There are 2 protein chains.
Amino acid sequence: MGEAKDPIPSPTDAELAILRVLWRRGPSTVREVHEALSTRRPTGYTTALKLMQIMAEKGLVLRDEARRTHVYHPRISAEAVERGLVRDLLDRVFDGAADRLVLRALGAGRVTRDEAAKIRALLDEIEGGDAS
Amino acid sequence: MGEAKDPIPSPTDAELAILRVLWRRGPSTVREVHEALSTRRPTGYTTALKLMQIMAEKGLVLRDEARRTHVYHPRISAEAVERGLVRDLLDRVFDGAADRLVLRALGAGRVTRDEAAKIRALLDEIEGGDAS
DNA sequence: TCTTTTTTACGAAAGGCTTCGTAGATTTCT
DNA sequence: AGAAATCTACGAAGCCTTTCGTAAAAAAGA
């Protein structure tokens, strides 16, 4: 029997911030991530380092140790993480009712005409392919 | 100058669960809340009590001490809390782009024809009233 | 009355997240 | 070579959240 690889956990807040940098920049060093984060919120270098080490343990990132300065790669897609977080919120506060979440989302960030059009198109797509 | 009353903080997970009971049942005692929660997840009575005491301190609920058995009232609306949580998620993971959140929401919980219709109506409403 | 139950108050432990300081190794610069 | 900078590893503190145990007061029941 192979070892049971547990599912990758959802990132914490700080971890998510780091993943976002990796998704945007691509594989990066601790220094690069730290600098990207520091522009928004000053923080210690070793803080980023420690977090990224933890993330490697958790399987959120992959660490390339070929050179002395390690390079970190995201190991889960933005889409997967977004899906997980949205499902969480959906379950925790909206009883899984997607339309109630959408209602609030449309209320919270004001929606441009463009965005509305995109959403309509998406609805068409869903209903078109759905036989229920 | 009046004392500066700080804004009510967003509820934690356990606090949210309690608020949801209060929203559904209306003003309730610790016992009632505890029983409502215990059906889903067994937990100690004093756990609910402690949480509700903390929530009263934070201003999330109001405590009526007229009788020995205190009665707790929600002090923020479901709508306000939902708005806050959605905005959080929006900022933290979607750069404030509501349509990206909606996209994921529509993907996460599968959407019924009914829900789709509601969302369309909502979009109509927004675009109708919006002069941008 | 005396016992049992209900209720509040309080303290504190356990776990998770974030942050940082320090140490040691390696590389780079002068 | 010697000094300075860079990098990883590690431990631990501080904070927050959740959970529960214990104690004391009040009410209800026998």
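Tutor: Helices (H or I, at least four residues) and strands (E, at least two) are DSSP runs, numbered from the N terminus. The model is predicted: local features need pLDDT of at least 70 and side-chain atom pairs count only at pLDDT 80 or more, while totals for chains, interfaces and linings use all residues. Residues are numbered from 1 along each chain as its sequence is written, chains are lettered from A and ligands numbered from 1 in the order in which they are written, and side-chain values use heavy atoms, without hydrogens and water.

Student: Is Asp95(B) buried or exposed?

Tutor: Buried means under 20% relative accessible area, exposed over 50%, and partly exposed in between (1.4 Å probe, protein chains only). Asp95(B) counts as exposed, at 57% relative accessibility. In chain A, Asp95(A) has a positive phi of about 55 degrees and sits in the loop between H4 and helix H5 (98–108) of chain A. Asp95(A) is exposed, with a relative accessible area of 57%.

Student: How do I check the span of H4(B)?

Tutor: Take 1.5 Å times one less than the number of residues as the expected span. H4(B) has 17 residues and should span 24 Å, and its end C-alpha atoms are 23 Å apart, which agrees.

Student: Which residues of H4(B) are buried, and what covers them?

Tutor: Val81(B), Glu82(B), Leu85(B), Val86(B), Leu89(B), Leu90(B), Val93(B) and Phe94(B) are buried in H4(B). Contact means heavy atoms within 4.5 Å. The cover over these residues includes H1, H4 and H5 of chain A as well as H1 and H5 of chain B.

Student: What about H1 of chain A?

Tutor: H1(A), residues 13–25, has 13 residues and reaches 19 Å between its first and last C-alpha, close to the expected 18 Å. Its buried residues are Glu15(A), Leu16(A), Ile18(A), Leu19(A), Val21(A) and Leu22(A). Among the elements covering them are H2 and H3 of chain A and helix H4 (78–94) of chain B. Gly26(A) follows H1(A), with a positive phi near 85 degrees.

Student: Into which domains is chain A divided?

Tutor: Domain bounds come from an automatic or database domain assignment. Chain A has domain 1 (13–74) and domain 2 (78–129). Their centres, taken over C-alpha atoms, are separated by 29 Å.

Student: How many residues surround DNA strand D?

Tutor: A residue is near a strand if one of its heavy atoms lies within 4 Å of it. DNA strand D is surrounded by 22 residues, the closest being Arg31(A), Arg63(A), Arg68(A), Thr12(B) and Gly44(B). Of the atoms of DNA strand D within 4 Å of the protein, 61% belong to sugar and phosphate.

Student: What polar contacts reach DNA strand D?

Tutor: A polar contact is a pair of N or O atoms within 3.5 Å; within protein, one must be able to donate a hydrogen and the other to accept it, and residues adjacent in sequence count only if both atoms are side-chain atoms. A polar backbone atom of Ala14(B) is 2.9 Å from a phosphate oxygen of DNA strand D. A side-chain N or O atom of Thr47(B) is 3.0 Å from a phosphate oxygen. For Arg68(B), a side-chain N or O atom is 3.5 Å from a base nitrogen.

Student: Which element gives the largest share of the surface near DNA strand D?

Tutor: H3(A) does, with 5 residues.
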